[in-house]
Each structure stands twice: as C-alpha cells, then as structure tokens.
Amino acid sequence: MFDDPRWNDDPRDHRDDDWQDRRDDDGRTLGRGPGSSSGRDDHSEDNPRDRHHDSPGDERDRDSRDRELDPRDVFARDLELPRGPDREMVHDARDREYALRGSESRTLATVGAFRVVSARDLRDRNDRPADPRSGDLRHLREEGLIRTERLDGHRDVAVVLTKDGRDLLESSRRDLSHAGQDHRHDHAQEFYAELKKPREVEHDVQVYRAYLLEADRLIEQGARIDHIVLDYELKREYQQWLHERDRDRDDADGRPDREPHEIEEWAHDRDLPYFDDQVHFPDVRIEYEHPDGRWDHQDVEVITVHYRGSHGAAATRSGFSCYRGGSARLGGGGGGSRGGGRSANPHLAEEFLD
C-alpha cells in the first residue's frame, strides 16, 4: 500500500547492513545502494512558499558540460524547472502551484523517466541518499507529486510519480525546435506515472541502478547521454505495428496479421534481436552521442534470480549489456549495431542453466 505509515516504525530501519554496496572484482554492481544518512534535513519543515526569487540566474546557467557528465542530470536537462538550492514557485498547465528546488526537479524527472526508482538511489540537495521520511522526498509527497511504497521484505522504498507529478513535467518541457545538434528531435524523453506492473517492482527498481553503471561506462568513453527508452515504449510500438492492419476491420479477431519475415524485418530495423520466433526487448535503451557526432544506443537488461531456463538462455543470446540484480555486470554488447556489433558473455548461460 502506498505511503503506509507503518513502515516508519519498521525495526529494519535501524539496520545499516541493508544499505551497503555489494561489489565484485570489477566494481560493477547494482548492490543494495549507499548507506543511509542519519541526519535530518534541517530545512525539511520550511514552508516552501516563503521563498521567492526573481531570477534563478547563475544556478540555471551553471556549467552545462558538468551536467552532461552526470548521468543523474540527464532527465531534467530539457525541463524549465528550478536547478538551484532554494525552492522556487512553478506552475503546471492547469496553473497549479508547486515549490521545487533543483534536487527535487531532478528527482521528479528521474522517477518519471524510469517509472519507479528506489529511494536509496536518489540524492537530496546535499548529494546524500534521499530519505523518504524527510527532505526532498517528504516535500514532494506532501505536494502530491510522488508516492512511496515499501518493498516487501526489504528496507527499500520505491518512488513513483503521481499523475500530477507527470503533468508538471509535461508542462515544463522546453521547446527544442531550435536546439541545434545537441538533441535528438525524433524522440523526446517519455515520462510515466504510477506502477504498471506492481508484481515486477522489485526487478524494475534495479533498472535505474543498471543505467547509472552503464551510463558511467559510456561517459568514460566520451559519450553524451541524450535520453532513455523503456521496454514499455518499445513493446507499445511493436503492438501498434502488429495490429495496424486490422485496426479498422469489422472482422478482426484480435490476432496480429503479420508474417514471421515481417516481424524479423521490423526487429532488424530497430536493432532488436529476433530469434526463437520472437522479438526480444531490453529493460532500457540508452540513446547517446559519440564524440564525433554519431548517434548510437546501448541496450541494458537486468537479470534477477527469477531468470531460469529458456528466459535465462535468451538473455545470453540477446547481446544486451546484462547486469545481475544485486551483483555485477555480466557482460554483453558494446553498443547497438551501429556501434560495432553485439557480443554475448559465454559464461552467462551457466548462471541460469545449471
């Protein structure tokens, strides 16, 4: 249940070991997240509407290159929302008023892009792990922009946008029609509200962790992250295409009217693997720009203990960059087909077929 007050008194809240990273030799881990901070935000009880600023000025104009190098800042980059340390008044399309600071803008955009994110993977205004009981997350929940949900059997708290939170992001988009070559005009970042598959939330909260690790790897190679595409969006496009021919037919039986060779061609055009008579979708696709201006993408999959048999074997053939939930990067492709082809970790299948 969302915002269940009972979790605030959970005895597990006093255990620090749940918050420690679990790292392997190469240091790439989804882990349990960083340690929680015991200190409360001294200003968490401030009335946000007491602070007004005529001009965000320097904070909005801080070095854009620094933001490009931080994969956490990608999703708020094209939003007209506060970026500074003090809260400012913003309005959505229906003129509803909210007070936000820069770290809260980043949290809203990040959660909206990934649909659900663990609180421990978010950062407050002091770059500390976000605390659902105080600071940014408490304020955003009181503003009606997010919901929080405790994950069964974990100290983790999942964060999702409300519809009001998504509406605020949508109404804050910048006009990119004159943005030059710095942005891809064929795809704006999509934002989501509420949980789509509550039973899969334990898996889904790990997608953002995998993104951070993969994005860091790409940035080290000089890449500039532009936006991400979740499997929801890829699968939605696929379903729309499958049923395109029978959409307006009175005699349609609900089954797609597509031949296998058509489906394979559709997958190939979108650089998605097709084998075992089906298209395979990554958890997240990272769209990025190479230093020489070429656009490319990296597909990422989170592998959990529930991957068994054919599902686990398919992960080894996909060419996606695979991360084991709670552990290490298992390997996979080094980019989309435009970026040099795919490769699979030959030992990955053993993880799931033993």
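Trainee: Is β5 mostly covered or mostly open, and how many of its residues are buried?
Mentor: This is a predicted model. In it, β5 is mostly covered, with five of its five residues buried.

Trainee: Which way do the residues of β5 point?
Mentor: Val157, Val159 and Leu161 point one way from the strand, while Ala158 and Val160 point the other way. All of these are buried.

Trainee: What sheet does β5 belong to?
Mentor: β5 belongs to an open sheet of three strands, in the order β3-β5-β4, with antiparallel pairing. β3, residues 117-118, and β4, residues 146-150, stand at the edges with a single partner strand each, so one side of each has no neighbour in the sheet.

Trainee: Which helix packs on that sheet?
Mentor: Helix α2, residues 102-114, packs there and touches β3, β4 and β5. The direction of α2 makes about 90° with that of β5.

Trainee: How many bridges join β4 to β5?
Mentor: Five bridges join β4 to β5, which spans residues 157-161, and the two strands run antiparallel. Arginine 150 has valine 157 in β5 as its bridge partner, and glutamate 149 stands opposite alanine 158 in β5.

Trainee: What about the turn between β4 and β5?
Mentor: β4 and β5 form a hairpin with six residues between them. In the turn, glycine 153 has a positive phi of about 80°.

Trainee: And how many bridges are there between β3 and β5?
Mentor: β3 and β5 pair over two bridges in the antiparallel sense. Valine 117 has valine 159 in β5 as its bridge partner.

Trainee: Back to α2. At what angle does α2 cross α3?
Mentor: The axes of α2 and α3, the latter covering residues 135-142, cross at roughly 70° and come within 10 Å. That makes α2 roughly perpendicular to α3. The crossing of α2 and α3 is right-handed.

Trainee: Which residues meet where α2 and α3 touch?
Mentor: From α2, Ser103, Glu104, Thr107 and Leu108 take part. They meet Asp136, Leu137, His139 and Leu140 of α3.

Trainee: Which residues of α3 are buried?
Mentor: The buried residues of α3 are Gly135, Asp136, Leu137, His139 and Leu140. Their cover includes β2, α2, β4 and β5. Following α3 is glycine 144, whose phi is positive, near 80°.

Trainee: You mentioned β2. How does β2 pair with β1?
Mentor: β1, residues 88-91, and β2, residues 97-100, pair in the antiparallel sense over four bridges. Methionine 89 has alanine 99 in β2 as its bridge partner.

Trainee: Where is aspartate 95, and what is its phi?
Mentor: Aspartate 95 sits in the loop between β1 and β2. The hairpin of β1 and β2 has five residues between the strands. Aspartate 95 has a positive phi of about 65° although it is not a glycine.

Trainee: Where is aspartate 271, and what is its phi?
Mentor: Aspartate 271 lies in the loop between α7, residues 260-269, and β7, residues 274-275. Its phi is also positive, near 55°, and aspartate 271 is a residue other than glycine.

Trainee: New topic: where is glutamate 220, and is it buried or exposed?
Mentor: Glutamate 220 is in helix α5, residues 201-220. Glutamate 220 is exposed, with a relative accessible area of 65%.

Trainee: How far is glutamate 220 from leucine 69?
Mentor: Glutamate 220 and leucine 69 are 151 residues apart in sequence. In space they are 9.0 Å apart, C-alpha to C-alpha.

Trainee: Finally, the whole protein: how many helices and strands are there?
Mentor: The protein has nine helices and 12 strands. Of its 354 residues, 54% are buried. The accessible surface comes to about 17600 Å², and 42% of that belongs to carbon and sulfur atoms.

Trainee: What share of the contacts comes from residues 24 or more positions apart?
Mentor: Such residues account for 63% of the contacts with a separation of 6 or more.

How values were computed:
Residues are numbered from 1 along each chain as its sequence is written. This is a predicted model: local features need pLDDT of at least 70, side-chain atom pairs count only at pLDDT 80 or more; totals for chains, interfaces and linings use all residues. Side-chain values use heavy atoms; hydrogens and water are left out. Two strands pair if DSSP finds at least two bridges between them. Contact means heavy atoms within 4.5 Å. Axes are lines fitted to C-alpha atoms, for helices over the stretch in contact, and angles run from 0 to 180 degrees between N-to-C directions. Buried means under 20% relative accessible area, exposed over 50%, partly exposed in between (1.4 Å probe, protein chains only). Accessible areas come from the Shrake-Rupley method with a 1.4 Å probe; for residues, only the protein chains shown count as cover. Angles under 35 degrees count as roughly parallel, over 145 as roughly antiparallel, 65 to 115 as roughly perpendicular and the rest as oblique. A crossing is left-handed if the near helix is turned anticlockwise from the far one by less than a right angle, and right-handed if clockwise.
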